Amino acid sequence: MIELITIAVAIVFFAVITAGVKFLPHEKWQFVATIPITKNHDGSWNGLNLTYYGVITATSYVLAVVIFYFLALSQQVPVKSIVFFVVTILSICMPAAKFIALVVEKKRHTFSVGGASFAGIIAAPLIIYLYNMLAPLWHERPVSGLSILAAISIAYAFGEGFGRLACLSFGCCYGKPLADAPVWLQRACFYQGLIFTGKTKKVSYAHDLDGQPLIPVQVMTAYLYTFIGVLGFYLFLKGWFGTALLLTLAVTQIWRLLSEFLRADHRGSGRISAYQVMSVAGVFYVALVVFLLPADSAVIAIEPAFKALWSPVFIVSMQALWLLAFLYCGRSQVTIARVDMSVLTDRI
């Protein structure tokens, strides 16, 4: 049962990522819709662009929550306790994505997944500790800190792995030109690299790198994080919570440290970016937390967890979360549209 579920999850995620890698770097996959806002003197409209970045990012939030919800339920954590963790962590991570990008990169209209993940890494153990203090007041039992942290780390790996497709659509988090890379890396990329098209993509207006083969950092991240997420998912359902936590966290954060050296986009001042420092600090912080936490016994209940995913309340909640995340991330603040509307006289 565990093996079949893990294989099914892997097939779905890898299939979607493979399709995304093929299509999303192209110009037509940046904007999903335009809403006319203000009318100009010439009769045209200025429009608000809604982006595939927002669609994919919102979907990645939902997928991460679904993974966490399933894993936590398999540990028989009460639903209202899961809601507490999800709402609290998202309330910290979503604003942090923008705030930390402002502090580090000095940009008001961008988001930082690295900043959001660091905020989540620091906050999660404290949130679990707070919950376990308050649980008796809510007539609930304390939760296993190790298994909850493992579920959060696995969900994060899936969420960011899928979310890197948003970077392909927007043209951000891009790698250096492949021609400037060492020969061994060029060969590893099969001399092809990742090519973006479209002047409204960040890779174009920030560094004029559209149309050039680039080191496919986003693609590497998407596949690596998804793979480690799948592996952590399997280890969790086998009851190896500590191994699943440390493996997923170490791989994702060490790759963030290394992949920064392959990127060409602005990551703040200094040879070593603040995001790289955050990733290393996060690993040591969680390793210390794991050392202090007691070992947990595994009590896995897959079938009730799987059935709970089809609850109407849960499905509607995920739709609401998707909409909220889309409205937060999907309204382009660095592009504008000029819309002309007219009547097709031959169809009157």
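By class, four nonpolar, three polar and five charged residues line the second largest cavity. Ala, Val, Leu, Ile, Met, Phe, Trp, Tyr, Cys and Pro count as nonpolar here, Asp, Glu, Lys and Arg as charged, and the others, Gly among them, as polar.

This is a predicted model: local features need pLDDT of at least 70, side-chain atom pairs count only at pLDDT 80 or more, and totals for chains, interfaces and linings use all residues. Residues are numbered from 1 along each chain as its sequence is written, and side-chain values use heavy atoms, with hydrogens and water left out.

**Exercise 1.** Work out which helices supply the lining of the second largest cavity.

*Solution.* Start with the term: on a 1 Å grid over the protein atoms alone, a cavity is a set of points where a 1.4 Å probe fits but cannot get out, and lining residues have an atom within 4 Å of a point. Next, look up the lining, which includes Glu-160, Arg-164, Thr-221, Tyr-225, Trp-255 and Arg-256. H8 gives the most, with four.

**Exercise 2.** Describe the lining of the largest pocket.

*Solution.* A pocket is an open set with protein on both sides within 12 Å along at least five of seven lines. Count the lining: 20 residues, with Val-9, Val-66, Phe-306, Leu-309 and Trp-310 nearest the centre. Now sort by class: 20 are nonpolar, with no polar and no charged ones. Finally, find the main contributor: H1 brings the largest share, six residues.

Technical notes: Helices (H or I, at least four residues) and strands (E, at least two) are DSSP runs, numbered from the N terminus.
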